[in-house]
Amino acid sequence: MVETDLKLGDGRVLHVYDTGAGPGATVFWQHGTPNIGAPPEPLLADSVRLGVRWVSYDRPGYGGSTPRPGRDVASAADDVGAVADALGIDRFAVMGHSGGGPHALACGALLPERVLAVVAVASLAPFGAEGLDWFAGMTASGAAGLRAAAEGRAAKEAYEAAAAYDPEMFTPADHAALAGKWSWFDEVVGPAIEGGPGGLIDDDLAYVGPWGCDPARGTAPVLLLHGDEDRIVPSAHGRWLADRCPGAELRLGPGDGHVSVLGAGPEALEWLVDRAA
């Protein structure tokens, strides 16, 4: 893994991760909230088998990346395009988990000539999506944090100042995954939290604001993975996206929650490689 700091034309810096060119597809990873951007270590062995090159970055306000005040979900496409240009990558696939899902879908919608395929795992749907009860099925703590964001930055900052970890947001299957293979999240959540709440606050404000793009405008194939017992982003969000993204495929994980659904990650990578080819 090579880590570099990429200076952009507007003076910002993006901290970039790159596993190096391989014989297969390049996949941009879009991380969740709150995480730093290192690619998913539990999938690296499958990536080697499939020849996948991972490229990713800390979203603005996380890790080594400069904050971008007022950023929306669509701004991810600008940052991915800049990283791809700097690394000489023309076309690529995109995969995002949780809060990374909307950002991955934005890349598909706004970079149609470059994005070959998109996987969105446990992704939110746009806030206020027609026909979707957006908060239904979320744990009380998760809904409260996003409702605070909908009231504005000051309310969100006040909420985060008093917020505490709620283990009930995760299902028993999630807790098992976090105690096993996906304990990797400790390595990306810890540094994100230590850096302060700025990145998380900017993320949540982006999720409940106008995204700046329509995920249904993408032309690349889309695979949506969702646990049918997800308490953080209920599976109704995945169903809504599947109904509106042309040609999207929805795979619901029976008994899976927000993290355990990543057990289907190897199959999702195979799907990406097939479409990117």
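Visitor: What share of the contacts in the chain with a separation of 6 or more comes from residues 24 or more positions apart?

Guide: Such residues account for 75% of those contacts, where contact means heavy atoms within 4.5 Å. Please note that this is a predicted model, in which local features need pLDDT of at least 70 and side-chain atom pairs count only at pLDDT 80 or more, while totals for chains, interfaces and linings use all residues. Residues are numbered from 1 along each chain as its sequence is written, and side-chain values use heavy atoms, with hydrogens and water left out.

Visitor: How many helices and strands are there?

Guide: The chain has 10 helices and 8 strands. These are DSSP runs numbered from the N terminus: helices are H or I with at least four residues, and strands are E with at least two.

Visitor: How much of the chain is buried?

Guide: Buried residues make up 56% of the 277 residues. Buried means under 20% relative accessible area, exposed means over 50%, and partly exposed lies in between, with a 1.4 Å probe and protein chains only.

Visitor: Let us turn to helix α7. Which of its residues are buried?

Guide: In α7, residues 185-194, the buried ones are F185, V188 and A192. They cover an arc of only 85° around the axis, so they lie on the same side of α7; the arc is that of the directions from the helix axis to the C-beta atoms.

Visitor: What do they pack against?

Guide: The buried residues of α7 pack against β5 (92-97) and α6 (172-179). On the other side of α7, D186, E187 and E194 are exposed.

Visitor: New topic: where is S98, and what is its phi?

Guide: S98 lies in the loop between β5 and α3 (100-110). Its phi is positive, about 60°, although S98 is not a glycine. Most residues other than glycine have a negative phi.

Visitor: Is S98 buried or exposed?

Guide: S98 is buried, with a relative accessible area of 11%. A122, another residue that is not glycine, has a positive phi near 55° and is buried at 0% relative accessibility.

Visitor: Which peptide bond is cis?

Guide: The bond from T33 to P34 is cis, with omega near -10°. P34 is found in the loop between β3 (26-30) and α1 (44-50).
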